Amino acid sequence: MALSRRLGQNSANAAPPMEASTPTQNTESILNRNTPATSIYQTSVNLLDKLACIEGFEVYLASLFDESTVGKANGSSTPYLNPIQLLWDTFRQGTSLCVIYNALRPAEPLSTTLDESQNILRQRKDRVYRFVKACKDNQIVRDEDLFTISELFKDDTNSFVKVLKTIEIVVDTVQSRGLLDTSSLVEKPSARFAEAQLGPPQDNRDRVVKEFVETERRYVQDLELLQ
């Protein structure tokens with residue numbers, strides 16, 4: 001009796017059996033995550049087509065359609081292999097951002113020219129500053145969505161993503177006001193960028209962009225497989 005009583009007590013005090021974990025919970029958690037809305041590559045392509053409809057911006061896209069101006073934005077003779085690189089170089093000119101802002105038809109347009117006799121880089125950064133300030137002062141873009149001058153001139157794709165977001169907001173505002181004439185577009189810049197054109201990188205920034213795009217594509221493909 002004493003032995004059976006002790007066994008009963010041990011049984012009562014024993015920890016309840018652990019439930020086996022099932023991997024389906026983790027899988028469901030992954031599948032329930034939101035996939036990226038649009039890749040940086042696709043965002044750049046879509047933005048290019050809209051920018052091509054802005055009056056005065058065609059000069060920055062001349063390298064895509066005129067072989068005599070290949071690489072004009074970056075001062076080289078190498079054609080652009082992807083839209084990210086083209087936009088990166090174009091926005092760094094500063095005046096291109098002023099052209100985009102002026103498409104809003106503000107009361108005080110920004111200067112879109114540079115004095116060749118003065119320090120070009122300093123003037124470009126000044127135009128970038130004026131663009132950012134105008135967007136802030138006129139409440140076109142919220143403070144948290146505005147990029148900084150240093151972010152634009154960094155060789156960092158995370159910073160450039162923020163630059164793209166700012167420009168997208170401004171261009172979408174232009175379009176929402178009925179100031180973007182897409183009917184005037186004869187040839188879309190996006191037609192110039194096929195996936196096959198992502199050739200071997202020419203410099204360090206090319207390598208950064210290429211690695212980012214390829215990593216992003218693999219990530220999106222993995223998410224599609226999980227779905």
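Colleague: Is Lys-50 buried, partly exposed or exposed?

Modeller: Buried means under 20% relative accessible area, exposed over 50%, and partly exposed in between (1.4 Å probe, protein chains only). Lys-50 is partly exposed, at 25%. This is a predicted model, in which local features need pLDDT of at least 70, side-chain atom pairs count only at pLDDT 80 or more, and totals for chains, interfaces and linings use all residues. Residues are numbered from 1 along each chain as its sequence is written, and side-chain values use heavy atoms, leaving out hydrogens and water.

Colleague: Which residue does the Lys-50 side chain meet in a salt bridge?

Modeller: A salt bridge is a side-chain nitrogen of Lys or Arg within 4 Å of a carboxyl oxygen of Asp or Glu. Here the partner of Lys-50 is Asp-172, at 3.0 Å, N to O. The two are 122 residues apart, Lys-50 in helix α3 and Asp-172 in helix α9. Asp-172 is partly exposed, at 36%.

Colleague: Where does Asp-145 lie?

Modeller: Helices are DSSP runs (H or I, at least four residues), numbered from the N terminus. Asp-145 sits in the loop between α7 (120-137) and α8 (149-153). Asp-145 is buried, with a relative accessible area of 6%. Its side chain forms a salt bridge with that of Arg-142 (3.0 Å, N to O), and Arg-142 is exposed at 53%. Salt bridges with shared partners join Arg-142, Glu-144, Asp-145 and Lys-165 into one network.

Colleague: How many salt bridges does the structure hold?

Modeller: The structure holds 10. Another of them pairs Arg-130 with Asp-126, at 2.8 Å, N to O; both lie in helix α7, 4 residues apart, about one turn of the helix.
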